[in-house]
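Student: I would like to go through this structure term by term. Please set each label against its cut-off.

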Amino acid sequence: MLRNALRKDLLLNARHLWGILPWFVWVAYAMSEPDAGRITAVGAAFVGALMATTIAAREDKLRTSATLASLPVRRRTLVQARYVVSYVVGAVTYLVVAAMAAVLPWSVQRAAELFEVKTLLLTATLASTAIALLMPVVLRFGLLGVLVFLGAFQVVGVVLFVAADFFAARSGARLFFGTIERGVVALYSGLGQAGPIVETALIVSLSVWLSFRLSVFLAERRDL
Amino acid sequence: MDPILELRGVTKHYEGFSLRDVSFSLPRGYVCGLIGPNGAGKTTIVKLILGLAHVSSGQLRVCGEDPATAEIAVKDRIGFVHEVPSFYDHISVEALASIVRPFYSRWDQPLFDALAREFELPTRKWFGSLSRGTRTKAALALALAHHAELLVLDEPTSGLDPVFRRELLERLVAYVADGQASVLFSTHITSDLDRMADYITFIRDGRLVFSSTREEVFDRWVVVRGDPGVLDEATRSLFAGVEVGAHAFTGLTDDAPRARKHMAGRDIVIEPATLDDIMCYTGRTC
């Protein structure tokens with residue numbers, strides 16, 4: 001049944017997922033920049049997973065949730081499929097960038113470097129965080145909830161950037177961004193050692209599991 | 001044989017609306033018309049049957065099973081047409097069928113193809129470009145193509161042309177003819193039910209007014225018309241609803257013999273009530 005739900009999500013949303021094409025155009029351009037390839041590959045997986053996560057929101061918009069929930073399939077399975085689709089799309093977008101790194105003549109990024117364990121683990125961690133955070137919001141609040149959630153993130157980000165520019169060192173914003181940057185760098189370097197890998201894997205798995213349980217709970221109790 | 005659909009004391013609370021203590025059943029091989037004004041609770045009942053909303057209290061059984069515990073088995077045996085058939089707009093009817101097909105254990109592709117031809121469905125056109133009537137036809141083809149034992153249709157005739165509407169009603173009668181399948185047909189267009197419904201279930205303000213065979217309904221319910229002068233406290237109490245105009249009153253009662261006896265010799269006319277009369281006059285007190 002999961003296979004059917006997965007197939008449904010991929011077929012129904014294939015067209016929408018082409019929306020990621022502009023990202024790949026930018027990636028193609030960025031491949032000539034030293035060190036850009038790795039960042040764009042991780043970003044591609046992140047963006048791909050994020051886009052796939054919003055499938056349920058589009059179902060809300062098109063008022064198809066009731067039709068889908070009337071089919072002989074458990075809501076739990078529909079939610080499962082959405083998590084799997086998000087990971088599949090994230091992985092595919094990553095592979096596309098890796099393929100671009102390999103074939104584009106102006107690419108300075110070596111494709112093999114994109115398959116280093118550290119990079120793959122960082123990608124999985126960031127994509128999982130995006131999925132785990134967003135999926136319950138999508139299932140609980142639908143399209144409007146996603147827009148508000150992502151919009152609020154954007155606004156907060158812009159405000160913090162502006163604050164960091166205007167108030168420089170006096171602002172906590174610089175500290176905030178610095179902490180995130182250092183955190184990602186520390187995570188990336190830590191993912192080369194067994195201990196941090198296990199710790200990160202445990203935290204990420206637990207987060208995704210909790211997110212999944214919450215999503216199933218929200219989806220099952222919802223009246224359509 | 002167990003009824004194919006059974007509701008016992010089913011209650012569902014929403015903010016601002018409650019469906020309260022609804023009980024009725026539908027045996028195999030029959031068509032049940034679920035009638036009531038807009039907002040009466042018809043769609044809520046449909047949603048509860050399809051598991052789209054959760055029962056607050058009471059018991060609901062479909063095909064002898066509890067949909068809450070045997071969700072997939074129950075839904076596999078239900079065909080549905082929602083009031084506004086909605087799906088992804090950018091997908092063709094053909095592709096839609098290919099997505100829906102694997103979910104049903106008894107999907108019959110040749111039957112779907114035959115229905116698509118019969119309903120003249122433009123199978124390669126995007127769902128979003130179809131008229132409401134054609135969307136309903138597509139939803140109906142999907143509902144019929146997996147040999148559902150219970151068809152749950154929510155206002156299916158809205159948006160259909162009269163020719164197809166008549167064909168649909170005839171098809172539904174034929175669908176239940178072998179005694180294995182049943183149809184629950186929610187509508188406020190009561191003329192759809194006059195000839196084809198075996199049972200009538202009337203919901204008003206979230207409460208069940210009655211659920212009986214069509215014959216019982218037409219035998220019991222009558223409309224009484226006459227001079228307003230004959231109305232007094234005792235005669236008013238006969239009626240489930242009464243409307244008083246300047247020159248005449250119209251009263252509705254489900255106790256025709258009592259009305260005849262009580263008002264014998266007075267200048268009144270007693271006529272069989274139509275479903276429209278029952279819907280319109282129930283609860284009127286003016």
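**Burial, contacts, core and domains**

Student: Why is B:A53 called buried?

Tutor: B:A53 has 20 other C-beta atoms within 10 Å. A residue is buried if 20 or more other C-beta atoms lie within 10 Å of its own, exposed if 12 or fewer, and partly exposed in between, with C-beta atoms placed from the backbone. B:A53 is therefore buried. The model is predicted: local features need pLDDT of at least 70 and side-chain atom pairs count only at pLDDT 80 or more, while totals for chains, interfaces and linings use all residues. Residues are numbered from 1 along each chain as its sequence is written, and chains are lettered from A and ligands numbered from 1 in the order in which they are written.

Student: Where is B:A53 placed, and what is B:A53 in contact with, leaving aside neighbours within four places in sequence?

Tutor: B:A53 sits in the loop between α1 and β4 (57-62) of chain B. Helices (H or I, at least four residues) and strands (E, at least two) are DSSP runs, numbered from the N terminus. Contact means C-beta atoms, placed from the backbone, within 7 Å. Beyond those neighbours, B:A53 is in contact with A:D223 and A:L224, and with B:K12, B:T44, B:K47 and B:L48. B:K12 is 41 residues away in sequence, yet the C-alpha to C-alpha distance is 8.5 Å.

Student: What makes helix α1 of chain B mostly covered?

Tutor: Eight of the nine residues in α1 (residues 42-50) are buried. Among them are B:K42, B:T44 and B:K47. After α1(B) comes B:G51, with a positive phi near 75°.

Student: Which residues touch the most other members of the largest nonpolar core?

Tutor: B:A141, B:L150 and B:V152 do, in a core of 131 residues. Helix α7 (residues 117-167) of chain A gives the largest share, 13 residues. Such a core is a set of buried Ala, Val, Leu, Ile, Met, Phe, Trp, Tyr and Cys residues joined through C-beta atoms within 7 Å. Setting aside neighbours within four places in sequence, B:A141 is in contact with B:F112, B:L115, B:A116, B:F119 and B:L121.

Student: How many residues does each domain of chain B give to the contact between them?

Tutor: Chain B is assigned domain 1 (5-217) and domain 2 (221-281). These bounds come from an automatic or database domain assignment. Domain 1 of chain B gives nine residues and domain 2 of chain B gives five. The C-alpha centres of the two domains lie 34 Å apart.

Methods: Two residues are in contact if their C-beta atoms, placed from the backbone, lie within 7 Å.
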